[in-house]
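Work through the exercises below with the sequence and the model open. Each task is followed by a solution in steps.

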Amino acid sequence: MNGNFLARHHDQLTAWLRDEEAESLDAFLGAHHESFMLVTTDGAILDLETLRESLRGAGGGQPGLSIQVEEVTRITPEVCRFLERHIVDGSIVDVRVVTAVMEGGLLLSVQETARR
């Protein structure tokens, strides 16, 4: 896992949330392991199917959105930590510290922590 993968992955998510590009959603979800688990900033734990369902209804719902991935730190070959900034129309609306774990080239686990 590297910064290029993470940036591309978040670009795919952005294209779905901002522009409702269905191919981007498919590519985004295709990068997740079948056993994927996400711990959100509010502590909810989502499996892949729950994430898929929550994203399906969100396409095109965030006009002006961009997501920036910065400060990527590789902890092990399959674990990294990075800063994720959500920007809408030039204003930062959310900042998260994210730890991601890969297995077999797919995202296995993601832990998001809100940064105030």
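This is a predicted model: local features need pLDDT of at least 70, side-chain atom pairs count only at pLDDT 80 or more; totals for chains, interfaces and linings use all residues.

**Exercise 1. Repeat the analysis for aspartate 89.**

Step 1. Aspartate 89 sits in the loop between strand S4 (79–88) and strand S5 (91–103).

Step 2. With 66% relative accessibility, aspartate 89 counts as exposed.

Step 3. The phi of aspartate 89 is near 50°, again positive in a residue other than glycine.

**Exercise 2. Are serine 24 and histidine 32 buried or exposed, and what do they touch?**

Step 1. Serine 24 belongs to helix H2, residues 22–30. Its relative accessibility is 11%, so serine 24 counts as buried.

Step 2. Not counting residues up to four places away in sequence, serine 24 touches Gln12, Ala15 and Trp16. Contact means heavy atoms within 4.5 Å.

Step 3. Histidine 32 is part of strand S1. At 7% relative accessibility, histidine 32 counts as buried.

Step 4. With residues up to four places away in sequence not counted, histidine 32 touches His9, Leu48, Leu51, Leu106 and Leu107.

**Exercise 3. Describe the setting of aspartate 47.**

Step 1. Aspartate 47 lies in strand S2, residues 45–47, and at 33% relative accessibility it counts as partly exposed.

Step 2. Leaving aside neighbours within four places in sequence, aspartate 47 is in contact with Phe36 and Met37.

Step 3. From aspartate 47 to glycine 104 the separation is 57 residues in sequence and 18 Å in space, C-alpha to C-alpha.

**Exercise 4. Summarise the chain as a whole: its elements, its dimensions and its burial.**

Step 1. There are three helices and six strands, in the order α-α-β-β-α-β-β-β-β from the N terminus.

Step 2. The radius of gyration is 13 Å, close to the 13 Å that the globule rule gives for 116 residues, so the chain is as compact as a globular protein of that length. The radius is taken over C-alpha atoms, and the rule is 2.2 Å times the number of residues to the power 0.38.

Step 3. Along the principal axes, the C-alpha atoms fill a box of roughly 35 × 30 × 25 Å.

Step 4. Of the 116 residues, 37% count as buried.

**Exercise 5. What is the average pLDDT of the chain, and where is confidence lowest and highest?**

Step 1. The average pLDDT, the predictor's confidence in each residue from 0 to 100, is 95, and 99% of the residues score at least 70.

Step 2. Confidence is lowest in helix H1 (residues 3–19), at a mean of 94, and highest in strand S1 (residues 32–39), at 98.

Definitions and conventions: Residues are numbered from 1 along each chain as its sequence is written. Side-chain values use heavy atoms; hydrogens and water are left out. Helices (H or I, at least four residues) and strands (E, at least two) are DSSP runs, numbered from the N terminus. Buried means under 20% relative accessible area, exposed over 50%, partly exposed in between (1.4 Å probe, protein chains only).
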